[in-house]
Each structure stands twice: as structure tokens, then as C-alpha cells.
Amino acid sequence: MKKFMLLIMAALALAVNGQETAKYNDLNYVLDEKNLTAEVDKNPQAAGEIVIPDEITVGQKTFRVTVIGEKAFKGCKKLTNVVFPRYLERVYRSAFDGTAFLNDKQHYVGGLFIVNDTILLYANKSIKSKMAVSSNIKMIACGAFEGNKTLTRIELPEGLTVLEEGVFKGCKKLTRVNIPKSVKKIGRYAFDGTGIYLNDKKWKRGALFIEDCLVATNKDVPATFVFKTKVPTRLMAEGAFAYSETLQSITLPETLEEIPDAAFYHCLSLQEINIPQGVKRVGAYAFYQDEDLRWAKLPANLEELGEMAFYGCADLREQVLSDKLTEIGDGTFYGCHKIQKLALPSKLVRIGDGAFAGCTELEAIALPKTLKYLGETAFAGCQKIERVTIPEGIVEVKKGAFKGCRQLVNVTLPEGLYAVGDEAFMGCILIERIALPASTFRIGKQAFAQCQSLEGIGMADNVHMIEDGAFSYCKRLGEIVIPDNVEFISDEAFSDCINLRKVTFGRKVKKIGLLAFYNCRTLQEVKLKENVEEIDGSAFEGCKNLKKVELPEGLKLIEDNAFLNCESLQMPIVPAGTVVGKTAFRGIRID
């Protein structure tokens, strides 16, 4: 059992962390399918002037270009100019390190490189030691001032909303800075290594505050942390307590409106946190792999719960989710083994990939009628769920959605369902019967593989695709009717269905795939319809009780081992012109 779960969890991790990439007009992008946004990926050959479009179209979807990645054009010495997209939300200074573009003095005013009039991309060594940033700047990019040896004091404008990651990192002479009330985000390491950070007198109980913002913590954070500041804390930097080895419990101030991304990332000793009712957002990776976290009551008015927020919080107990939540992100509760009960919000629209994967103690789940997207591996490995009704808005049960739900007995699929995805119910060993809606077109690879109790499957004629291994190792499956629109019985589709007694082939079947009925040792008779042209290798190998096979006149090929070791089979009549592999009938009965 333990080995089985380790294999499932490894597969789920891959599913949750996967990324889609694309190329558009010679530039590489990473795509966010959920938000329909794109990030400019690495483009090591970029040269001359490039135009980054506002949007790109890939297939049938249009993506807004919002991010220029960390090493997007790094080292492109011949890159001379860039036209930036208008929807830009994040850009790394390091994206242009080593380019002629970043070194071109004509782009600088007072030592500042400004993009789209609102983004301060980079400050070079010619800036003044004391300076004020112009009022039109809304964002200061990742690492914009990093390592600057000149800056001692800076005045930031009201209207600035974002201080990105590492923005002043390593500015050893910087001792004075203001943080305007308009700032909503402070990135990780924003002030690490500054004169402020290096001044021991600025630190209180392992925490560094600038005005009403907590910008960093260090190893001196006590086991129990209480905010004791003259000015109520308004904002925390991303990753503020990340990797703390000492923090065990914390009471956050009532003035806090959000827990930022990665705020308590990998705090292995954190056991309890009191989240104020005013918090509207818990960011991505906020409590990522806090393995000892038991208690983190979410506010009743929470509006956003970021992806991976409680990923790997193995000791987390019951959770109550705000009814204002419309989405549960990718991997949000992945690996939260101790959660037993969880009521999903009534207006929930999306459950992300791997959202509850590996919640091995989760006993029941009621999917709301509003649900439109149920992600890959969403409930995979939830071994105690017994029943699930998938709502009408779901058109596809995604890959691995209920993989390894070993106690799942009853599944109700919605009218309008188009596809049962790859491995969707793989390893659900207690399911006895499945009724596929009339709308079902595709049954994916290994969709019901290893459903060892499955006795019957109802398929309407709209089914066109039964893919590789769809019903392999369904050991109790006794009879199957292949719908008339299925043309190919794919590889291993019914392999090792050891109790399969009867197969009725649809009239359009053209090909029986490799190992399609391998080791179906209870099967006694096969009557192939007139359209069958090919029987692939080992298609019926090991069908020891197969006694009779009727082959159609139009059959063109029987590959090697097709009927290998069908020891009860009497040699069938092979139509004239059929190419027969040398070992196609080896081991059959010879009278």
C-alpha cells in the first residue's frame, strides 16, 4: 500500500507542476491556461529589435503577455531594442542582463531606465545618492536597484503599487526609504542586504519593519510571535517568514488584509496561526510544506486562496472554506493527509489540478452544481471517498481526477459529458458499475484500468474512442459491447480482463490493437464483423479458453502472436489474401 501511494504522489506532483510552452513569431512563451496569460520564456538567440506583442494566439486561445521572465533575453549581446507589451505586469531586470539594449545610454534618464512610462526597469550607477522617483511609476521591477553602491536615500511616490522581488537587494548604503500607502505588494528579498537590513538596531524580535510594513525576518524569530509595533502592520512582504526554523505559532494583526505569496513557506515548526477576519486573500504557496501545521482557520470573508497554499501540510485538520471563494487553485490542499471533512463553497466554479490530491483521510466530498472545471488529479489518492456526483457543468473528467480512490464505490456522471480522461478512475478498485452518458465521445488511456470490481460498463453509440488500456486489469468485467462508432480497439484496451466471457464487436471496428484482449482467459468465442482489417500482435494471446474465432472476408493482416497460446482454439478459416504472421497461431489446438 505504501509503495502504491508513493507512486501515485510522484505522478501527481508531475501533473500539478507541469507547464505549457509555445512559440509565437520566433519568441518562446510559457502559457497560463487558467488565466489566459503568457510569460516570455528564454530566447537565447534574440537579436536586433524585437516586438513583444500585447497578445499571442495559440490554437483557439488568445493569451495576454503579462510577464517577461527572469532570463528571457539574458546574454543576447546583439539585442538592441525591445518594444514592450501594454499589459505588462511583471518584468525582471535580469531578463536583459548582458544585452546591448540594457547598456544603451539613450534609454536612461537620470540613471533610470523606464518602460511603458510606468515601470522602472533598472537604475544604473549614475543615479544620485538621494533621489525621488517620478509620480507616474507604478511598479519597480525585480532587482531594479540590486547591488547599487550609490543610493543612500530614496523617496517613493504615492501611486506606486508594486515593489518587486530583490528590488533594493544589496544596496548597502541605503538607509532611508518610505513605503507609500498605495503599495500593495512587496516582493521577497526586497530590502535584504540594504543599510536598513544590516542595521541591528532596526530589528525587533527577529523582525524588520519599515513604517507599517513587515519586510523581513531572521533566525531570531521567537517560537511564539506577536506583533508589537507602534504603527499597526498593514502589509507583509512575500516570503516574510519563509524557512523559519523556530516559529511555532503566530497571531497576525487585525489590520492585515492579505497573507502574501510564500509568507510562511516551509516553516517546518509552525503548528498554529490565527488569521484575522479582515484577510481577503491567502497567497500562493503561503503555507507550502508546513508539515506540522495543524490549525489555520480561514476567514469567513476570504475571497482568494492561492495555488499550493497548503501544499504538503500533512498534519492540517478540518478546514471551513468561505462561500465567497469561486476557485480552489492548483495543489491548494495537495498532500493534506489529515483533513477528514471539507464543505466546498456553494458558488465554486473551478477546482484546480491536484487541489485535493493525496488527502487520504478525506471521507466525503459534495461537488457544487456551479462547478465548471474539475482539474487533473483533483482528488487522486483520496482513499476514503466513497461516492461522487459530478455536476452537469463538467464536460470532461480530467486526467487522473479520481485515480487511486480505493474506496470509491458509486460514481454518477453528468449528461453532456464528452470525455473520461486518461487514468480518470484508474485503481478505483471498488467501483462495480459505470453508466456513461449518451454524450460520451472518448474513453481515455487507462481511464478505468485496475478497476478490479468493475462488472459492467454501459456505453452508448456516441463513443468513438476507447484508448490504450482503458479497461485493462478489470478482473471482474464479464461482458462488453463495443459501440458501433468505435473503429479501433486500442492497445491493451481489455488486457488481463480474466473473467471477460463475451465481447460484441461494433460494426465499424477496423482494427484490434496490440495486446487488446491479452490474457482474457475466460473468453470462449470471437465473432469479428466484416469491417475488421487488422489484428495486431498478441491481440488475443493467452486466451486459453478461446474455442472459436470467426474471421471476416476483408481481413488483411494477422500479426505475430495474435492468437499465441490459445490452447483451446481450433484453427479458424483464414480468408484468402490475409497476411499471417509466422507465430500468429502458435500453441493453438491441432486436431
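The model is predicted, so local features need pLDDT of at least 70 and side-chain atom pairs count only at pLDDT 80 or more, while totals for chains, interfaces and linings use all residues. Residues are numbered from 1 along each chain as its sequence is written, and side-chain values use heavy atoms, with hydrogens and water left out.

First, the chain as a whole. The C-alpha trace spans about 100 × 55 × 35 Å along its principal axes. The secondary structure comes to three helices and 50 strands. Those are DSSP runs numbered from the N terminus: H or I of at least four residues for helices, E of at least two for strands. Of the 591 residues, 54% count as buried; buried means under 20% relative accessible area, exposed means over 50%, and partly exposed is in between, with a 1.4 Å probe and protein chains only. Contact means heavy atoms within 4.5 Å. Among contacts between residues at least 6 apart in sequence, 28% join residues at least 24 apart.

Now strand 6, residues 61-68. Two strands pair if DSSP finds at least two bridges between them. Strand 3, residues 37-40, pairs with strand 6 in the parallel sense over four bridges, and there Ala 38 stands opposite Val 65. Strand 5, residues 55-58, also has four bridges to strand 6, but in the antiparallel sense. Val 58 has Lys 61 as its bridge partner. The hairpin of strands 5 and 6 has two residues between the strands, and Gly 59 takes a positive phi near 65° there. Strand 8, residues 90-91, runs parallel to strand 6 and is joined to it by two bridges, with Val 67 opposite Arg 90.

Next, an open sheet of six strands, in the order 9-10-11-13-15-17, with mixed pairing. Which strands stand at its edges? They are strand 9 (108-109) and strand 17 (185-186); each has a single partner strand, so one side of each is left without a neighbour in the sheet. Ile 119 is the bridge partner of Met 139.

Last, Arg 521. Where is it? Arg 521 lies in the loop between strand 45 (511-512) and strand 46 (525-527). With a relative accessible area of 37%, Arg 521 is partly exposed. Leaving out residues up to four places away in sequence, Arg 521 touches Ile 498, Gly 542, Cys 543, Lys 544 and Asn 545.
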